[in-house]
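Subject: Structure handover

Hello,

Here is the structure I promised to pass on. Please open it and keep it on screen while you read.

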Amino acid sequence: MLNSQVLVKVPASTANLGPGFDTLGMALSLYAWIQMEAVDGETVIELYGDGLNGIPTNKSNLIYKVAQMVFEEAGVHIPEIRIAMYSDIPLTRGLGSSASAIVGALVAANALAGGPLSEDKLFQMASALEGHPDNVGASLFGGIVVSAWDGIRAEKVRIVPHENLEVLVAIPSFQLSTEKARHALPAKLDMKDAVYNVASSSLLVAAFASGNLELIPFAMRDKLHQPYRAPLVPGMSEILEQATNHGALGVALSGAGPTLLTLVDRGSDRKAELESFLLRTLEQHGIEAQTMWLAPALNGPELSVVHGDRSESFMERIKGEVKA
Ligand code: HSE
């Protein structure tokens, strides 16, 4: 049976976690909301808040396009839809905003169509759309997600994050496109750097899976992408080298950047020191930034199907939860 209106709340994510390039992801307690319904008239796309400025509101909109892919796959015909979206996830900063939009659109459209596609099918579609499964896997399943995609099929294992893990991000005010950050990467790697990353990433996954937080500072190190991306984020090298001396358990570029992410032990008494170190270092390099304390998000999208009274506005419905 087709549903008439659905609302999805979907978490942001951080990809790579240092060495696990295109492989590791963690969902974060920062969210986007997408509401979708079928309409008789023309498609309408409403974007709320300042964070979504510049996103198209016609049928070239990513959420609209992804929704139509779901309908086609499901064999249902819903050409005209109303989409409302609000997001607390800053765009083009390495916090998985596009992955959240893809996952939110997949889950909302599938629910609108009555839920014909499995979660695995949505994961396959999301991985193919993004070209890597790390952000979409985390947004879709929640927690820490270890995934591999061979260009045809994605597989994953979800790990429940240790309850003491907290996350501090420093979000620079400038945007950095994933395309530009991927362009900075070399075509070839030294064997010893490849081995270094296999070792670090494997150890990091084992540390997360066994709850062995003491291994994080040793394991969360990378020679595959961060050194090449460092020139794109002034202050990044210093932060990667020194954050663990200022109370971080581990530090990484979040996804393709420019956000820098630190993992922190919830009980640490050095949180203020770490926060001011991050801000001061970026400022010394002329970079304005904002910090945010987040937690790993344990769950993927939260879906609600709105039956009956639809007079309550989208922003009314989510207002208790948004940051703004
Ligand atoms: N793994 C990806 C990258 C995440 O680092 O380029 C950004 O989409």
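Below are the findings, part by part.

**Ground rules**

This is a predicted model, in which local features need pLDDT of at least 70 and side-chain atom pairs count only at pLDDT 80 or more, while totals for chains, interfaces and linings use all residues. Residues are numbered from 1 along each chain as its sequence is written, and side-chain values use heavy atoms, with hydrogens and water left out.

**Two domains**

Domain 1 is 5-160 + 297-318, and domain 2 is 165-294. Their C-alpha centres are 25 Å apart. Domain 1 gives 24 residues to the contact, and domain 2 gives 37 residues. Contact here means heavy atoms within 4.5 Å.

The size of an interface is often given as the accessible area lost when the parts come together. Domain 1 and domain 2 bury about 2200 Å² between them. Of that area, 67% is on carbon and sulfur atoms. Buried area is the accessible area (1.4 Å probe) that two parts lose on being put together, summed over both. On the domain 1 side, Pro19, Phe21 and Arg93 supply 30% of the area buried against domain 2, more than any other three residues.

**The annotated binding site**

Which residues does the UniProt annotation "binding site" cover? The unreviewed entry lists Pro90, Leu91, Thr92, Arg93, Gly94, Leu95, Gly96, Ser97, Ser98, Ala99 and Ser100. From this set, Leu91, Thr92, Arg93, Gly94, Leu95, Gly96, Ser97 and Ser98 are in the lining of the largest pocket. UniProt positions follow the numbering used here, feature names are shortened, and annotations may be inferred rather than shown by experiment.

A pocket needs a definition too. On a 1 Å grid over the protein atoms alone, a pocket is an open set of points with protein on both sides within 12 Å along at least five of seven lines. Lining residues have an atom within 4 Å of a point.

Take Arg93. It lies in the loop between strand 4 (81-87) and helix 2 (97-112). Helices (H or I, at least four residues) and strands (E, at least two) are DSSP runs, numbered from the N terminus. Is Arg93 buried or exposed? Arg93 counts as buried because its relative accessibility is 12%. Buried means under 20% relative accessible area, exposed over 50%, and partly exposed in between (1.4 Å probe, protein chains only).

Beyond residues up to four places away in sequence, Arg93 touches Ile171, Pro172, Ser173, Phe174, Gln175, Ser254, Gly257, Pro258 and Thr259. A polar atom of the Arg93 side chain is 2.9 Å from the backbone oxygen of Ser173.

Ser97 sits in helix 2. Ser97 is also buried, at 16% relative accessibility. Leaving out neighbours within four places in sequence, Ser97 contacts Ile89, Pro90, Leu91 and Thr92.

**The annotated N-terminal region**

UniProt (unreviewed entry) gives "domain: GHMP kinase N-terminal" for residues 61-143. That stretch is 59% helix and 8% strand. Its end C-alpha atoms are 28 Å apart.

Asn61 lies in the loop between strand 3 (44-48) and helix 1 (62-74). Asn61 is buried, at 2% relative accessibility. Apart from residues up to four places away in sequence, Asn61 touches Ile45, Ile55 and Pro56.

Leu129 is in helix 3 (residues 119-130). Leu129 is partly exposed, at 31% relative accessible area. Leu129 and Ile102 are 27 residues apart in sequence and 8.0 Å apart in space, C-alpha to C-alpha. Past its neighbours within four places in sequence, Leu129 contacts Val66, Met69 and Ile102.

How many residues of helix 4 (residues 134-141) are buried? Eight of its eight residues are. They pack against strand 1 (5-15), strand 2 (24-38), helix 2, helix 3, strand 5 (144-149) and strand 6 (154-159). Just after helix 4, Gly142 takes a positive phi of about 75 degrees.

**The annotated C-terminal region**

The feature "domain: GHMP kinase C-terminal" comes from UniProt (unreviewed entry) and sits at residues 205-272. There the chain is 34% helix and 15% strand, and the end C-alpha atoms are 28 Å apart.

Best wishes

Technical notes:
On a 1 Å grid over the protein atoms alone, a cavity is a set of points where a 1.4 Å probe fits but cannot get out, and a pocket is an open set with protein on both sides within 12 Å along at least five of seven lines; lining residues have an atom within 4 Å of a point. A polar contact is a pair of N or O atoms within 3.5 Å; within protein, one must be able to donate a hydrogen and the other to accept it, and residues adjacent in sequence count only if both atoms are side-chain atoms. Domain bounds come from an automatic or database domain assignment.
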